[in-house]
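Me: I'm new to this one, could you walk me through it?
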Amino acid sequence: MKSKYIIIALLALSSLAFGASESVVWSDNLIDNILGYDKKGSLHLGQYFTILQSTYFKPLFLGVLFGVPAVFLLHYMVIGPMIFSHDRKKIYVFTLFHRVIHAIAGVSFILLIPTGLIMMFASTFGGGEFVRVCKEIHAISTLLFIVSIVPMFFMWLRWMFIHLDDIKWLMIVGGYLNKDKKPVPAGRFNAGQKTWYWLATLGGFIMIGTGAAMYFQDIRLDILASNHISQIDFLRASAIVHNALGLAVVALFFTHVYMAVFAIKGAIHSMIDGHKEEEEVEILHSSYYRELKEKGEV
Amino acid sequence: MFDQISGRGYGEMKGEYYGLPWPVWTETHGGSPLLYNINRSVAEGGMGFRNRFGLEHDGQDLLAGAGSAPKDSANKDGYPEITAKNIEEVLGIKLTADEKKRIGKNWKVDTSNIIAEKCMQQGMAPYGNAKARAKVWTFPDQIPMHREPIHSPRQDLVKQYPTYEDKRDHYRVDTQYASKQNEQDWSKDFPINLVTGRLVNMNGAGMENRASKYLAALTPEMFCSINPDLAGKYGIRDGSMMWIHSPEGTKIKVKAKYSFSVPEDRIFMPFHFAGHFQGEDLSHKYPKGTKPYAVGESANTVTNYGYDIITQIPETKGGLCRIEFA
Amino acid sequence: MSENARLKFYCDEHRCISCDGCSVACAEAHELPAGINRRKVITMNEGILGLEYSLSIACMHCTDAPCEQVCPTDCFYIREDGIVLHDKEKCIGCAYCLYACPFGAPQFPSDGAFGIKGVMDKCTMCAGGPEETNSHKEREMYGQNRISEGKVPVCAAMCSTKALLVGDSAEISDIYRERVLSVGHGVKTQPYGWSTAYGSKI
């Protein structure tokens, strides 16, 4: 139901963009756009964007693309995965709704991240039709992303506020630096998961907004005009923010996948059938386990 | 073949001008683009002024002064235009009986072209060699003078510089001048000057260029240039619609465009639009496939009464109007 | 034209009368779709006495073109004579060149429904693109290739006040310098061709 409305809203938005025959940047705003490049008092986003895009973004993405997996490979070889007993009871942690939403988000990420990276390294792929198709897939899979990220934001919100446990969790890096099975201070979600949640939702909304701005180009926002931010500066800021946030999203997405698939053996099943091993909860989400015990649910 | 600047031929084309410009007197004459040059012979394209306004006016001889004929002319002074009657006298030649039979009445209707041929032989221009004039004695104002438009915003100037008397049977139309100007103080009800004209980017054409998509894209919409200070008095905002009422009782609805190019006492409108009439879109009445890319109110709907005293061309620049927010 | 000439546009704002002839000539010559204006005339301080001036703007064919630096597909290339061109078959329409451009020159035509933007289009200085010179494909994708025919770009060719100049940057600056130096006392020489057209030469 919700998704239908979102799609309708998005179509309405795109038809609005279609209405403009000439680009906003090139029509009545042209003078502002030119002056916005390096006039005294302007934001100088043109220069910043040029420097960032021409020299920094590609190496940074390359660093994340190979650096993050390299670190995890090292971690896997030196410390190895956590293995929890499968003999004890299982705790039902994720409802069907949670799992479906998560699956949609997962699919959208699997589409968004590679297509985004292909666009970033378009010259390696020779540009042209293949990258153009990736660009459209990137845009279309955003619809999936919106459909999943809005309910996800609300369904987990109440567990995602910062807690004293989070600081303790961060001090010991979630207990991942050794293989001791000491209880790790964390509620239903640990500090790492919370960071990923906030990046994926709030950051996700920003990614959607900046991405749509760049994709449609001609979305006018009155609030920007009234604050003397020209359309081109809005687009430049969108590109910078989208790429910078993209770096973080790619890095944390890799982390998320590594944790679920490799670092904690069997953790991925909790998102498939909804059940977690009791020992896993006891160790990795000790506060939550205590809570459940007090309620007598285990 | 031809010089790129002067257009004169050389080599094989010697004696010709590029494009055979008017006048080309005979089949061997190269034509001439020059308006006045007495340093060249007529055969080479030189020219004096045409004898156009008679031989004499108010005791003034209208033929050119002594020694002012184009080079190599048999007659060094001014001479009248050549006709069958005066050809022998002016050119100082004798025609044969056959030539006399064939010659036309004057150089304009001489299909035998004998007049022109004979003139070329004598180095003279068939249309004569006369003085130019700066005073037009056939016009109501022999020397141009200021007259207030019929619909003037300045009553004091109307008294000082009144318009013409009414003219009966002006190209078959009884045309009002003074009676219309004095009918009432137009500026009371219509306080704002109304100026219409063409836009420089429309290349001088009127409505026609609305059928060119690139020109239509430059100015896709009818507008009225208005000074922000004037607009402010009527509560008209940039881009909002406004009514313009004329003394003729007509009105048009156009989009206001703030511009400092017009002073506070006037508005300007381009005349490149049609298709709307007094606020109503009538563009569906264009024959199928002929609707222009851009339609809008025609500025001429509200231009005021008034016609040129000589040519009956309508007055489109000096009018009055009243505006209001729509 | 010297050997290491760099071709540049220059618009003399003291001469431009904002007739838009350049942009219409451009659109007409290259048969551009609606909504694409490779060249545009802007007027600054309209109606303000002494401050009003107009300028014709298009791709300025920068020596250190930022569009070429940011393009993720590396579809830009700068010819030896300084003309900045791009390959539409490589372009993905990401608009990064637009963000980097100080003049807002890159254009993106609406391509199909929902306002999806197509590949970039910009002024080619009438030099076509990477396709075979003067081929039908080049004509369709990039417009006329007048440079290859030894012609001046159509905008500058038709500029009636000679405000828009194009050519070797050194020569353009010479012309402009002469114009500036003759302000206030007229040109020293007679108008070009006057003596030939009206004098007794030839």
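What follows is a short chat about this predicted model.

Me: Let's start with chain A, how many helices and strands does it have?
Reply: Chain A has 11 helices and two strands, and from the N terminus on its elements follow the order α-α-α-β-α-α-α-α-α-α-β-α-α.

Me: What does its C-alpha trace span, and how much of the chain is buried?
Reply: Along its principal axes the C-alpha trace of chain A spans about 70 × 45 × 40 Å, and 49% of its 298 residues count as buried. The accessible surface of chain A comes to about 15,100 Å², with 71% of that belonging to carbon and sulfur atoms.

Me: Switching to chain B, how is it divided?
Reply: Chain B is divided into domain 1, covering 1-133, and domain 2, covering 155-325, and the C-alpha centres of these two domains of chain B lie 47 Å apart.

Me: And which strands make up the barrel there?
Reply: The closed barrel in chain B has six strands, running β5-β9-β6-β8-β7-β13 with mixed pairing, and neighbouring strands of this sheet are turned by 45° against each other on average, direction ignored.

Me: How do β5 and β13 of chain B pair?
Reply: Strand β5 (residues 192-197) and strand β13 (residues 319-325) of chain B pair in the antiparallel sense over three bridges, and L194(B) stands opposite G319(B) in β13(B).

Me: One last thing, is R179(C) buried or exposed?
Reply: R179(C), which is found in helix α6 (residues 169-181) of chain C, counts as buried because its relative accessible area is 16%, under the 20% cut-off. Leaving aside neighbours within four places in sequence, R179(C) is in contact with D12(C), R15(C), K162(C), A163(C) and L165(C).

Methods
Residues numbered from 1 in each chain as written. Chains lettered and ligands numbered in written order. Predicted model: local features only at pLDDT ≥ 70, side-chain atom pairs only at ≥ 80, totals over all residues. Heavy atoms only, no water. Pairing = 2+ DSSP bridges. Helix = DSSP H or I, 4+ residues; strand = E, 2+ residues; numbered from the N terminus. Axes fitted to C-alpha atoms, helices over the stretch in contact; angles between N-to-C directions. Buried < 20%, exposed > 50% of the residue type's maximum accessible area, 1.4 Å probe, protein only. Contact = heavy atoms within 4.5 Å. Domains from an automatic or database assignment. Areas by Shrake-Rupley, 256 points an atom, 1.4 Å probe, with all protein chains shown as cover.
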